[in-house]
Amino acid sequence: MYEVEVKVPVDRECVRSKLDALEATPLGTVVQVDTYYDAPHRTFAETDEALRIRSEHRPDDDAETRLTYKGPLVDDESKTREEVETAVRDDDRMDAILANLGFEPAATVRKERERFTLENGEYTVTVDDVDGIGEYIEVETETADEATLEAARDGVYDVLEQLDLDPDDQIRTSYLGLLLEAED
């Protein structure tokens, strides 16, 4: 599975009104805490990969935890990459497993996210407020194979343009990368 994603810095209030005008379906607000890990056998910053444990908290609900591997970017025009993800029952135990295998926590990214869907759920639009680095919008969709990546990316660009945003303003750096740059 490939995640086709484009991220643009925004003012959250402006984007919300445009999402209302497009009759986007709100999915609610969550708080995500992502702990990223360094591998003992290679440097993820050099290979453009990521391994994280994500704890997601919804209002009046228990946390959900997932382990995610993100492969290197596959094109020069978006944040498209292979993504493999699975549910984790206990984030502390998963952290202990990774630590025992030599993986070390590198950084933690915390963000408040408002999620919406457009076009019958084909696109997910996420409006983020990321601690320490600001406000962004991510528009994403998924595709099963590389043959459909270009069409999926064009669809994401179209959604951005419907929101009066320019795909050329996209940032391909991850929130982790932006946070590490901000700390330097």
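The legends below describe close-up views of a predicted model.

**View 1. An antiparallel barrel of eight strands.** Going around the barrel, the strand order is S1-S5-S4-S3-S2-S6-S7-S8. From one strand to the next, the twist averages 35 degrees.

**View 2. The pairing of strands S2 and S3.** S2 covers residues 25-38 and S3 covers residues 50-57. The two strands run antiparallel and are joined by six bridges. Within this pair, threonine 35 is placed opposite isoleucine 53 of S3.

**View 3. Helix H5 against the sheet.** H5, residues 175-183, packs on the sheet and touches S1, S2, S6, S7 and S8. The direction of H5 makes about 125 degrees with that of S6.

**View 4. The largest nonpolar core, with 23 residues.** Leu19, Val125, Ile137, Val139, Val159, Leu160 and Leu163 have the most contacts inside this core. Two or more residues each are given by strands S1 (2-9), S6 (104-118), S7 (123-130) and S8 (134-143), and by helices H1 (12-21) and H4 (149-162). H4 supplies the largest share, six residues.

**View 5. The surroundings of isoleucine 137.** Leaving aside residues up to four places away in sequence, isoleucine 137 touches Val6, Lys7, Val8, Val10 and Val15, as well as Val125, Thr126 and Val127. Leu160, Leu163 and Leu165 are also among the residues that isoleucine 137 touches.

Definitions and conventions
Residues numbered from 1 in each chain as written. Predicted model: local features only at pLDDT ≥ 70, side-chain atom pairs only at ≥ 80, totals over all residues. Heavy atoms only, no water. Core = buried A, V, L, I, M, F, W, Y, C linked by side-chain atoms within 4.5 Å. Buried < 20%, exposed > 50% of the residue type's maximum accessible area, 1.4 Å probe, protein only. Helix = DSSP H or I, 4+ residues; strand = E, 2+ residues; numbered from the N terminus. Contact = heavy atoms within 4.5 Å. Pairing = 2+ DSSP bridges. Axes fitted to C-alpha atoms, helices over the stretch in contact; angles between N-to-C directions.
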